[in-house]
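Hello,

Here is the structure I promised to pass on. Please look it over first; my notes follow below it.

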2 protein chains.
Amino acid sequence: MIRVLLADDQALVRGAFAAMLGLEPDIEVVAQVSAGDEVLAAARRTTPDVALLDVQMPGLDGLSAAVQLHAALPSCRVIVCTTFGRPGYLARAMAAGAVGFVVKDAPPEHLVDAVRRAHAGLRVVDPVLAAESLAHGRSPLTDRERDVLSCARDGGTVADLAKALHLSEGTVRNHLSAAIGKTGARTRAEAVRVAEDNGWL
Amino acid sequence: MIRVLLADDQALVRGAFAAMLGLEPDIEVVAQVSAGDEVLAAARRTTPDVALLDVQMPGLDGLSAAVQLHAALPSCRVIVCTTFGRPGYLARAMAAGAVGFVVKDAPPEHLVDAVRRAHAGLRVVDPVLAAESLAHGRSPLTDRERDVLSCARDGGTVADLAKALHLSEGTVRNHLSAAIGKTGARTRAEAVRVAEDNGWL
DNA sequence: CGGAATCCATGACAGATGTCATGGCGTGGT
DNA sequence: ACCACGCCATGACATCTGTCATGGATTCCG
């Protein structure tokens, strides 16, 4: 019996996954949580063999939850599952100690397959995404550029960013300019979009 | 037996929904499609009692697919299902002829409930979302303002928008300014975000 | 019809934005 | 030690953006 922990903020999706995995004779869902900061406690309580974590969750990010979980219960294999096949997520998931990465576009059999393979100690990675990840490479943005850009996500003015980051307005503009150049964009909004799509934030 | 058609672009989610619904003794999934423009053909072929459509789909929008389906097979009840509980979506789904609206945050039982109720001729609407929808009201944006704002989504410059919409730059700026005012934003990017969150695009 | 209201369109102007040149600081190689 | 390199920080300047005042077109009443 493979004991599985599910973490996904969308209750409907989580329930459906549980139903699907429950159909398999060798898989048992032993815990379900809806937020990243509930993962560790639930895992300690139920000692699952495999944890299936969504990236998008309230409270604690799925990737951060993976770090916690991997540190506290190394025997528990972590699979990261996400809606968006952004190349950067894959690299960050692997860095976080995950052994598998599944996008929600994949056919359903992939998920049960992934659970079984992870349990067997294998790595599970979508080959298309892996290729794309290597092609795009790591983020070309520097730390500050990423900071500034992710603060600019919700559309604030330069003055707002400067106040939030304790920088001069000129500095903020410079970082934005650099980010715009590196992303091949012509506007800060476009740069935000590109960076988001590549998982660089 | 309630015959159900599933439309969702995320194969994993779609398969999981099918597994969950398949567990119910009175429900049968007779068709699964991954794009909006496949809905009509599949429905004609399988004559489902209930169609469960995701809003986000490639090809044809789930809401547009609902319009088509409702016009061609009025006997097929349509339930719209979406990740984002944006108030505007609810109104648009109802206008598109849907009888139900379910967000993916809802508990799993809601979905099977919704299918049964829709089949029984009842309307199914998340009460929280309905209240919010009434509170926010209909979009305050005029047609051109919506056009301009949705073109501005990907971060192009004013000149780009003007060229795309065959307008003067000044006109574009004016529409943007109006949209910014009506959304309570201070930047065009912020306005885009607010309008998206309310389903006004 | 007259008037009010609404939307669309446009140009002028103040203010915000993006680009550039400059300099300080830390790291790593020679 | 010295230099080269990359990142961070800043101010000046041209350009773009958002606001405002204005006018034309359409619709909806009394």
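By class, five nonpolar, eleven polar and six charged residues make up the surface near DNA strand D. Nonpolar here covers Ala, Val, Leu, Ile, Met, Phe, Trp, Tyr, Cys and Pro; charged covers Asp, Glu, Lys and Arg; polar is the others, Gly among them.

Some ground rules. This is a predicted model, where local features need pLDDT of at least 70, side-chain atom pairs count only at pLDDT 80 or more, and totals for chains, interfaces and linings use all residues. Residues are numbered from 1 along each chain as its sequence is written, with chains lettered from A and ligands numbered from 1 in the order in which they are written.

Near means that the C-beta atom, placed from the backbone, lies within 6 Å of the molecule or strand. Helices are DSSP runs (H or I, at least four residues), numbered from the N terminus.

**DNA strand C.** Here the count is 21 residues, and Val158(A), Ser177(A), Thr142(B), Ser168(B) and Gly170(B) come nearest. Helix 9 of chain A gives the most to the surface near DNA strand C, with six residues. That surface divides into five nonpolar, ten polar and six charged residues.

**Chain contacts.** 27 residues of chain B are in contact with 26 residues of chain A. Contact means C-beta atoms, placed from the backbone, within 7 Å. Helix 1 of chain B supplies the largest share of chain B's side, eight residues. By class, that side has 14 nonpolar, seven polar and six charged residues.

**Cores.** A nonpolar core is a set of buried Ala, Val, Leu, Ile, Met, Phe, Trp, Tyr and Cys residues joined through C-beta atoms within 7 Å. Buried means 20 or more other C-beta atoms within 10 Å of a residue's own, again placed from the backbone; exposed means 12 or fewer, partly exposed in between. The largest core has 94 residues, and Ile79(A) and Ile79(B) are among those with the most contacts inside it. A second, separate core of 28 residues includes Leu149(A), Trp200(A), Val172(B) and Ala195(B).

**Helix 7 of chain B.** Its buried residues are Glu145(B), Val148(B) and Leu149(B).

Best wishes

Definitions and conventions
Helices (H or I, at least four residues) and strands (E, at least two) are DSSP runs, numbered from the N terminus. Two residues are in contact if their C-beta atoms, placed from the backbone, lie within 7 Å.
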